[in-house]
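Please consult the sequence and the model shown here while reading.

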Amino acid sequence: MAAETKSKALMRGNYVIVVLAVLTAIEFAIAVAMTGNLSATLLGIVALIKAALIIDYFMHFKQLWTFVAEVWYEMLDADPDDAPDDTRNAA
Amino acid sequence: MTTAVRKALPQGLDTGTMNRLGLWLFLVSDASFFLALISSRFFVVRLETPEDVSQILGLGLTILLLVSSLTAYRAEVAAEHGDQANFKRYIIATMLMGILFLGGVGFEWHEAYKHFPPSTGYGTILFTLTGVHATHVFSGVLLLGFIYFKGKNGAYGPDDYYPVEAAVKWWHFVDVAWVFIYPTLYLVQI
């Protein structure tokens, strides 16, 4: 999010909340219109979409992969000779 | 021990990366707790939902929490861009909505106790799920309050706003949990 302009970030938040509101209305309509397993399945799908929107746009889920990649590459690049003696002699 | 662990880590990794990874790990582990509780609903009462469940209250609580996620997001954007006034404004708005949500859950409990007390199957599920979730919301309000008091004099800026990001992430997590709790408790019907 760091390189993003403020107005662009705020606008994105507005778009997400509008989509969440529409999905909540759809959720309510599903509950009113149908019952049973089909209703439960559709409600589960809508909830998953809502959660994905929040996790991706509000919680910046994409950054997680950057961090994982960063840790992974750092571990690959790590020189074994730099490891402290106490960890190598622990066994 | 902390020093030993830190020494064992690759030296190029900064604290921010490790903090963020640790937070995500914690959120995933907490999500599994909610997943277990939500799934218990379908084992205990299957798709049965009493008619006395207040749909208006359920919808109201959902709208409140979704809007609070937007204000929390705006607080984070403000902190990231050094906008101190909006940071304070949106953190307070988020906290107020959290307190209102807790009040709504309290009212729900008052009403629920008359129609489906904790001794009934549905009552067990409702009181457990909303109770655990409300505890998370309460901790979120406390965390945001801490962030507000620490940051009101400009402690967080564009280069150092991780505490705000972490508190807001926690708030979004609480919102995501409710996204699944709402249909599970209120909308699913046989």
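The sections below treat the basis of the model, the interface, the salt bridges and one further residue.

## Basis of the model

The model is predicted, so that local features need pLDDT of at least 70 and side-chain atom pairs count only at pLDDT 80 or more, whereas totals for chains, interfaces and linings use all residues. Residues are numbered from 1 along each chain as its sequence is written, chains are lettered from A and ligands numbered from 1 in the order in which they are written, and side-chain values use heavy atoms, with hydrogens and water left out.

## The interface of chains A and B

Chain B contributes 43 residues to the contact and chain A contributes 44, contact meaning heavy atoms within 4.5 Å. The area buried between the two chains is about 3800 Å², with 74% given by carbon and sulfur atoms; buried area is the accessible area (1.4 Å probe) that two parts lose on being put together, summed over both. In chain B, the residues that lose the most area to chain A are W24(B), Y73(B) and L187(B), together 17% of what that side buries.

One salt bridge is found across the interface, where a salt bridge is a side-chain nitrogen of Lys or Arg within 4 Å of a carboxyl oxygen of Asp or Glu. K6(A) and D83(B) form a salt bridge, their closest N and O atoms being 2.4 Å apart. On the side of chain B that touches chain A, the elements giving two or more residues are α1 (2-8), α2 (15-44), α3 (55-80) and α6 (162-187); helices are DSSP runs (H or I, at least four residues), numbered from the N terminus. The largest share of that side, twelve residues, comes from α3(B).

## Salt bridges within the chains

Over all chains, the whole structure holds six salt bridges. One of them joins K50(A) and E27(A) at 2.9 Å, N to O. K50(A) lies in helix α2 (residues 36-58) and E27(A) in helix α1 (residues 6-33) of chain A, 23 residues apart. K50(A) counts as buried at 1% relative accessibility, and E27(A) at 0%; buried means under 20% relative accessible area, exposed over 50%, and partly exposed in between (1.4 Å probe, protein chains only).

In chain B, E165(B) meets R20(B) in a salt bridge of 2.8 Å, N to O. E165(B) belongs to helix α6 and R20(B) to helix α2, so the pair ties together parts that are 145 residues apart in sequence. E165(B) also forms a salt bridge with K169(B), with the closest N and O atoms 2.9 Å apart. Shared partners join R20(B), E165(B) and K169(B) into one network.

## Residue T128(B)

T128(B) is found in helix α5 (residues 121-151) of chain B and counts as partly exposed at 33% relative accessibility.
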